[in-house]
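Biologist: I'd like to learn how to read a structure like this one. Can we go through it together, bit by bit?

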Amino acid sequence: MRRAILRALVAVPVACSMLTFGGATAVGAAATPRIIGGNVVDASTVPWVVALMHAGVANAYDAQLCGGSLIAADWVLTAAHCVKKQTPASIDVTWGITDLNDVGANDRRALTRIIVNPHYDAAHDTSDVALLQLATPVPGAPTVDINSDPSSPSVGAPLVAYGWGSTSYPQTSYPTQLHGVMLLDEAGPSGACGSYSASAYVPLHMLCAGVPGGGKDTCFGDSGGPLVKEWANGPRVVGVTSWGKGCAKHNYPGVYARVSTYAPWIVQTLSATTPVVSVNDTSVVEGNKKQRTAAFPVVLSAPTTSTVTVQFEVRAGTAEAGKDFVARHGKLTFKPNQTDMSVPVKVKGDTIKEPNETFTLHLSSVANATIGNGTATATIIDDD
Ligand code: 4AZ
């Protein structure tokens, strides 16, 4: 747990400044020392920044232990060392709230799963990444992309780190508000990092970010949070706050887990655990004047712990809505552990000799799953 030590800080008059970075506007009304060298950030500008909290601690400020990034509607990327001793029940998360004192009980969401990278090595701080699955997806899915390009960032690239970690070192002082700090990549994809030895700083696994002379850095409590780089199409997480020798020291930049190295593991883990909903083709014999039913099978690739809801719509093909079948649309809900259902569509019979006719079913707007085969065809087999 964070040490909840807050000291009265001597107010130093500093002009208000507006800094734009990471696609976000950071407001520095700073009269107090900020995350080492940073500024307060309005969380609504970076709603994918997540705080990890001890679920058993009611006060969110006292409960906060680490940061994270919302990389899918129900997945948070964080550091392995933040969660290696935790269980899904012992951690909850919040997002989109700047000040931890404003986090109410209803703003804290439970986890269903913690997946620590299987190569995580606590002795060497390598593979310091973990994935947390949320019990329910975040409404609107305000996610951030991850960087999968191992050649980026290059030396000198501007980066921003976010967190609720200590604003001072060696004395710790934990802010209630989210902070951001502008840093520079100090090693590129393969270089050495400050004064760290080659056995400590391993470029394949780690990324080095700071500023010349020190003074700006992440610190205790920022672990697991995002280090982002801005691309033309938006920010991407390039690093996960991991370790450092102290904080903000000259020649000892902050060290981050290099996200591009773990991107294949992240993508594979998310796709293996996110169920896919698909609809399959069907057919029905028309029936002489009789009404029959075409049933589209809709299947979920894996059982889930939460409900999966998907919209469906029946559309005409060569068959006409109203004349040949009764069109419908609506919502399908798979209950936890349910993987099969069917969508019945009434088909009208006649005594006209005609070719087989078709209509289709379309799936859209799914929550808690992705759509695999989203369109299927029903064939009305003419029996006249
Ligand atoms: C930590 O333990 C931590 N100065 C985070 C960042 C840094 C050091 C320690 C980098 O949470």
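Biologist: Let's start with a strand pair: how many bridges join S17 to strand S24, and do they run parallel or antiparallel?

Modeller: Keep in mind that this is a predicted model. S17 and S24 (residues 370-371) are joined by two bridges and run parallel. To see the pairing, find Val 276, which stands opposite Thr 370 in S24.

Biologist: And in which sense do S17 and strand S19 pair?

Modeller: That pairing is antiparallel, over three bridges, with S19 covering residues 292-300. Here you can look for Ser 278, which stands opposite Val 299 in S19.

Biologist: Which residues of S17 are on its covered face, and which on its uncovered one?

Modeller: First the general idea: in a regular strand, side chains alternate between the two faces of the sheet. Now the case here: in S17 (residues 276-279), Val 277 and Val 279 form the covered face, while Val 276 and Ser 278 form the uncovered one.

Biologist: Okay, zooming out. How many helices and strands does the protein have?

Modeller: Three helices and 25 strands. The C-alpha atoms fill a box of roughly 90 × 40 × 40 Å along the principal axes. Of the 384 residues, 42% are buried.

Biologist: Into which domains is the protein divided?

Modeller: Domain 1 spans 17-271 and domain 2 spans 276-381. Their C-alpha centres lie 44 Å apart.

Biologist: Which residues is Met 206 in contact with, leaving aside neighbours within four places in sequence?

Modeller: Met 206 is in contact with Tyr 201, Ser 242, Val 255, Tyr 256, Ala 257 and Arg 258.

Biologist: And how far apart are Met 206 and Thr 377 in space?

Modeller: They're 50 Å apart, C-alpha to C-alpha, and 171 residues apart in sequence. Across the protein, residues 24 or more positions apart account for 69% of the contacts with a separation of 6 or more.

Note on methods: Residues are numbered from 1 along each chain as its sequence is written. This is a predicted model: local features need pLDDT of at least 70, side-chain atom pairs count only at pLDDT 80 or more; totals for chains, interfaces and linings use all residues. Domain bounds come from an automatic or database domain assignment. A residue is buried if 20 or more other C-beta atoms lie within 10 Å of its own, exposed if 12 or fewer, and partly exposed in between; C-beta atoms are placed from the backbone. Helices (H or I, at least four residues) and strands (E, at least two) are DSSP runs, numbered from the N terminus. Two strands pair if DSSP finds at least two bridges between them. Two residues are in contact if their C-beta atoms, placed from the backbone, lie within 7 Å.
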